[in-house]
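Okay, everyone, let's get going. I'll talk about one surface patch first, then some charged pairs.

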Amino acid sequence: MSWGIWMQVALWGGWGGHTSTNDLTVPAERWTRFYGLGAVGVRFLPDKRLQPSLHWEGGHFISQDRSQGKYSQTRWNAIALTLRLRPLQKKVSPVGEIALFRLNAWPRNQEDKALPGSPASVSVNGIGWGAGLSWRMHLWAELALLYVRRRPQTSYLEGVNGPGRDRIEGFIGQISFILQKENFNRSRFQ
């Protein structure tokens with residue numbers, strides 16, 4: 001019996017958009033967000049239903065309230081541990097994931113300066129989840145489309161004091177390249 005551990009190297013990227021109302025402390029504010037995010041990582045045991053992974057993700061989003069002329073842009077990145085579930089071992093399967101991550105964010109105004117009265121950078125822990133559909137095209141490649149939501153434990157994600165558990169969200173397209181393990185038990189007659 002072989003106990004070799006082999007891995008799947010997953011490269012993925014994507015973007016998402018979201019319109020949020022009353023995210024901040026003033027009910028009259030209507031903020032619109034535009035997201036761009038991407039990630040790269042290593043996922044282990046791709047032929048199993050449960051797949052742990054370690055990855056880096058990062059992105060940029062812009063929040064604005066045109067009626068009040070308020071604007072902020074936030075760059076962020078995170079290191080995450082993820083547990084992915086692909087319940088069906090068929091070509092097409094639903095897929096879900098949960099993530100624990102450490103996030104660093106830098107909210108800025110239109111002049112690329114820290115917003116008055118808020119920290120210049122934020123470093124916090126967070127949790128997240130994702131759900132979508134996966135298609136195993138070949139033994140060495142898989143495509144997936146997921147909706148992901150990350151909840152960093154901060155009220156200053158946009159540089160303006162908001163809810164204690166703000167969010168980063170969007171749709172992510174993933175492409176995974178699988179490194180096959182070598183078959184050491186091959187017959188000499190093959």
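So, a nonpolar surface patch of about 760 Å² is made by Val 92, Leu 133, Trp 135, Leu 139, Trp 140, Leu 143, Ile 175 and Phe 177. Patch members have over 30% relative accessible area and no salt bridge, with nonpolar side chains (Val, Leu, Ile, Met, Phe, Trp, Tyr) joined within 5 Å; areas are Shrake-Rupley with a 1.4 Å probe, and only the protein chains shown count as cover. Strand 7 (122–138) and strand 9 (168–178) each give two or more residues to the patch; strands are DSSP runs of E, at least two residues, numbered from the N terminus.

Quick caveat: this is a predicted model, where local features need pLDDT of at least 70, side-chain atom pairs need 80 or more, and totals for chains, interfaces and linings use all residues. Numbering starts from 1 along each chain as its sequence is written, and side-chain values use heavy atoms, with hydrogens and water left out.

Leu 143 sits in strand 8 (residues 141–152), and at 33% relative accessible area Leu 143 is partly exposed (buried is under 20%, exposed over 50%, partly exposed in between).

Now, which residues does Arg 150 pair with? Arg 150 makes a salt bridge (Lys or Arg side-chain nitrogen within 4 Å of an Asp or Glu carboxyl oxygen) with Glu 57, closest N and O atoms 2.9 Å apart. That links strand 8 to strand 4 (residues 50–65), 93 residues apart. Arg 150 also bridges to Glu 97, at 3.2 Å. Arg 150 is buried at 4%, Glu 57 at 6% and Glu 97 at 8%.

Key: Patches are made of residues with over 30% relative accessible area and no salt bridge: like charges are joined within 9 Å, nonpolar side chains (Val, Leu, Ile, Met, Phe, Trp, Tyr) within 5 Å. Helices (H or I, at least four residues) and strands (E, at least two) are DSSP runs, numbered from the N terminus. Buried means under 20% relative accessible area, exposed over 50%, partly exposed in between (1.4 Å probe, protein chains only).
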